[in-house]
Amino acid sequence: MADLAKIVEELSALTVLEAADLSKLLEEKWGVSAAAAVAAAPAAAAAGPAAEEQTEFDVILTGDGGNKINVIKEVRAITGLGLGEAKALVEGAPKAVKEGVNKAEAEELKKKIEAAGGTVELK
């Protein structure tokens, strides 16, 4: 088996012209093109994130909308926090009410807080 570290070292020492010649020789020997592989890689990378859909959301309280008491009550019901902790969370907005919840639960929590008068953002 060849010493891979030695091969890497030797390839690193090549000039641009020598590297281009090596590329041509490898293309002829194996019938592959480095340009095709490079062109395909960005397309595959671009398709990856677009195909993934976000599955976990953070419910962020961005404000109380002037209805602090109602929003505090709703935050308490959602989180199980005590009155002081819920009040601190609402007054410290923007703050996360719940993190890592699925889309359906995040939408439901958003509706509840908005119904109480607060403003919510899903991230």
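What follows is a friendly conversation about a predicted model and the terms used to describe it.

Trainee: What kind of model is this, and which residues and atoms count?

Mentor: This is a predicted model in which local features need pLDDT of at least 70 and side-chain atom pairs count only at pLDDT 80 or more, while totals for chains, interfaces and linings use all residues. Residues are numbered from 1 along each chain as its sequence is written, and side-chain values use heavy atoms, with hydrogens and water left out.

Trainee: How many helices and strands does the protein have, and what makes a run count as one?

Mentor: The protein has six helices and three strands. Helices are DSSP runs of H or I with at least four residues, strands are runs of E with at least two, and both are numbered from the N terminus. From that end, the order is α-α-α-β-α-α-β-α-β.

Trainee: Why are strand 1 and strand 2 called paired?

Mentor: Two strands pair if DSSP finds at least two bridges between them. Strand 1 and strand 2 have four bridges, in the antiparallel sense, so they pair.

Trainee: What joins strand 1 to strand 3?

Mentor: Four bridges join strand 1, residues 57-63, to strand 3, and these two run antiparallel. In strand 3, Glu-121 is the bridge partner of Ile-60, and Leu-122 is that of Val-59.

Trainee: What is the strand order in the sheet, and which strands are at the edge?

Mentor: The three strands form an open sheet in the order 2-1-3. Strand 2 (95-101) and strand 3 (119-122) are the edge strands, as each pairs on one side only. From one strand to the next the twist averages 20°, where axes are lines fitted to C-alpha atoms (for helices over the stretch in contact) and angles run from 0 to 180 degrees between N-to-C directions.

Trainee: Why is Gly-118 called buried?

Mentor: Buried means under 20% relative accessible area, exposed over 50%, and partly exposed in between, with a 1.4 Å probe and protein chains only. Gly-118 has 6% relative accessibility, so it counts as buried. Gly-118 is in the loop between helix 6 and strand 3.

Trainee: Which residues does Gly-118 touch?

Mentor: Not counting residues up to four places away in sequence, Gly-118 touches Gly-63, Asp-64, Gly-65, Val-71 and Ile-113; contact means heavy atoms within 4.5 Å. Gly-118 and Asn-70 are 48 residues apart in sequence, with 8.4 Å from C-alpha to C-alpha.

Trainee: How much of strand 1 is buried, and how much of the protein?

Mentor: Five of the seven residues of strand 1 are buried, which leaves the strand mostly covered. Across the 123 residues of the protein, 17% count as buried.

Trainee: What makes a set of residues a nonpolar core?

Mentor: A nonpolar core is a set of buried Ala, Val, Leu, Ile, Met, Phe, Trp, Tyr and Cys residues joined through side-chain atoms within 4.5 Å. The largest one here has 17 residues, and those with the most contacts inside it include Val-59, Val-97 and Ile-113. Helix 4 (68-79) is among the elements that give two or more residues to this core, and helix 4 gives the most, with four residues. In soluble globular proteins, nonpolar side chains tend to be buried together.

Trainee: Which residues does Val-97 touch?

Mentor: Leaving aside residues up to four places away in sequence, Val-97 touches Val-59, Leu-61, Ile-78, Thr-79, Leu-89 and Ile-113.
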